[in-house]
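Hi,

Here is the structure I promised to pass on.

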Amino acid sequence: MATPIITDGTMERVISAPRVVLPDTVGLFAERASRFLQLANGHPMADYLKLMAAVSQAQHDVIGAREAPVVPDEALERSRDYGMPPLTALSHARDPQWRDDLRDLLAQVEGHGVPAQAMVKAVRALDDISTEALADRLLAGSTLDTDAAAVPLVGAALQTYFTRLAASINVDLVKNFDVHTVCPVCAMRPVASVVRLGGERNNLRYLCCSLCSCEWNMARIKCSACEDDKTVHYLSLQAGGDDSEPASNTVGIAAARRAEACDECKSYLKIFYQEKDPSVDPVADDLASLALDVLVDERGFGRSGPNLLFHPGSA
Ligand code: FE
Ligand code: FE
């Protein structure tokens, strides 16, 4: 008997689905703020998640308040001619606009009262030079424990600025970038990946940039740090959720969140399934599931991408 040919359209969709999706500056941060509030409901870290909702809401208000600076021609040429990400975070000369964003975020979050005080005070204590130095450390993944209180607002301001810039470039410039483990726009590592639901991206996995909010497609069941596809496995907070993919044997919110761990490079990153919870957000769901990080860290895996609203070890 002939082997049936799969005709569910999966291959056609992979071919026609966008390889890179630039951020939507209109809805992104407002939707994240709503997700944080939703997740805060009954959560042991509710106050913290509500504070992060206020930070995301401030990002929403601030991102539309300014025009993106013009990306220098040399950066666009390097991208066109040599396939370099046009806004490479570690070498991009940041426009001082990002510190205006930081100042506005600060003013807005201050209205959140007592829970915001430590963070606001820590940022106010920085002059421009130390603010830039902290931004450099945050982008290089080398923040210090003494930076912890200032990290969420400085990270949020950098995200706001880079997201605005990323949305201003032409996607054709970056859609053929051939390195899959870093962002094609800013070369930062992803915060998490999301398996999308609906439309031409249905059932496809996208890595979500920790900085500029760009998303890029990567095959599933593949390590997002070293691209190994033999030793990747999945860990969740529910018993029995160890192996299969997608998370079919778990229920509730735990089913929507897993850690994709790789024995080859001993790293992990979380993966969220919209099919299990359509509202998942890579940044908010990541911060609402720090217990999963603890579980995976205990098993000897190191996290491969940052969450810029959070200094590791400060929870
Ligand atoms: Fe990026
Ligand atoms: Fe790996």
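**What I found**

Starting with one cysteine: C226 is partly exposed, with a relative accessible area of 33% (buried means under 20%, exposed over 50%, partly exposed in between, using a 1.4 Å probe and protein chains only). Before going on, the ground rules: this is a predicted model, where local features need pLDDT of at least 70, side-chain atom pairs count only at pLDDT 80 or more, and totals for chains, interfaces and linings use all residues. Residues are numbered from 1 along each chain as its sequence is written, chains are lettered from A and ligands numbered from 1 in the order in which they are written, and side-chain values use heavy atoms, with hydrogens and water left out.

C226 matters here as a ligand of iron: its SG, together with the SG atoms of C223, C262 and C265, coordinates the iron ion (ligand 2) at 2.2 to 2.4 Å. Donors here are N, O and S atoms within 2.8 Å of the metal (3.2 Å for Na, K and Ca), and water is not among the atoms, so sites may look incomplete. The angles between the four donor atoms run from 106 to 116°, which makes the arrangement tetrahedral; for four donors that label requires all angles to lie between 85 and 135 degrees. Along the chain the spacing is C-x2-C-x35-C-x2-C. C226 sits in the loop between β4 (215–217) and β5 (232–235), and C265 in the loop between β6 (257–262) and β7 (267–273), so this pair ties together parts 39 residues apart in sequence. C265 is also partly exposed, at 31%. Helices (H or I, at least four residues) and strands (E, at least two) are DSSP runs, numbered from the N terminus.

I221, in the loop between β4 and β5, has a positive phi of about 55° although it is not a glycine. K266, in the loop between β6 and β7, is another non-glycine with positive phi, near 60°. Both are partly exposed, I221 at 38% and K266 at 39%.

Now the other metal. The iron ion (ligand 1) is held by the SG atoms of C183, C186, C209 and C212 at 2.3 Å. This site is tetrahedral too, with angles of 95 to 120°, and its donors are spaced C-x2-C-x22-C-x2-C. C183 is in the loop between α8 and β2 (190–195) and C212 in the loop between β3 (205–209) and β4, so the pair links parts 29 residues apart in sequence. C183 and C212 are buried.

That brings us to α8 (residues 151–168). Its 18 residues reach 26 Å from first C-alpha to last, close to the 26 Å expected at 1.5 Å a residue (1.5 Å times one less than the number of residues).

One of its neighbours is α3 (residues 46–63): the two axes come within 10 Å and cross at roughly 35°. Axes are lines fitted to C-alpha atoms, for helices over the stretch in contact, with angles from 0 to 180 degrees between N-to-C directions. Residues of α3 in contact (heavy atoms within 4.5 Å) with α8 include M52, V55 and Q59, and the α8 side includes L153, A156 and T160.

For the whole chain, there are 11 helices and eight strands, and 50% of the 315 residues count as buried.

Cheers

Methods: Tetrahedral: all angles 85-135°; square planar, octahedral: opposite > 155°, others 65-115°.
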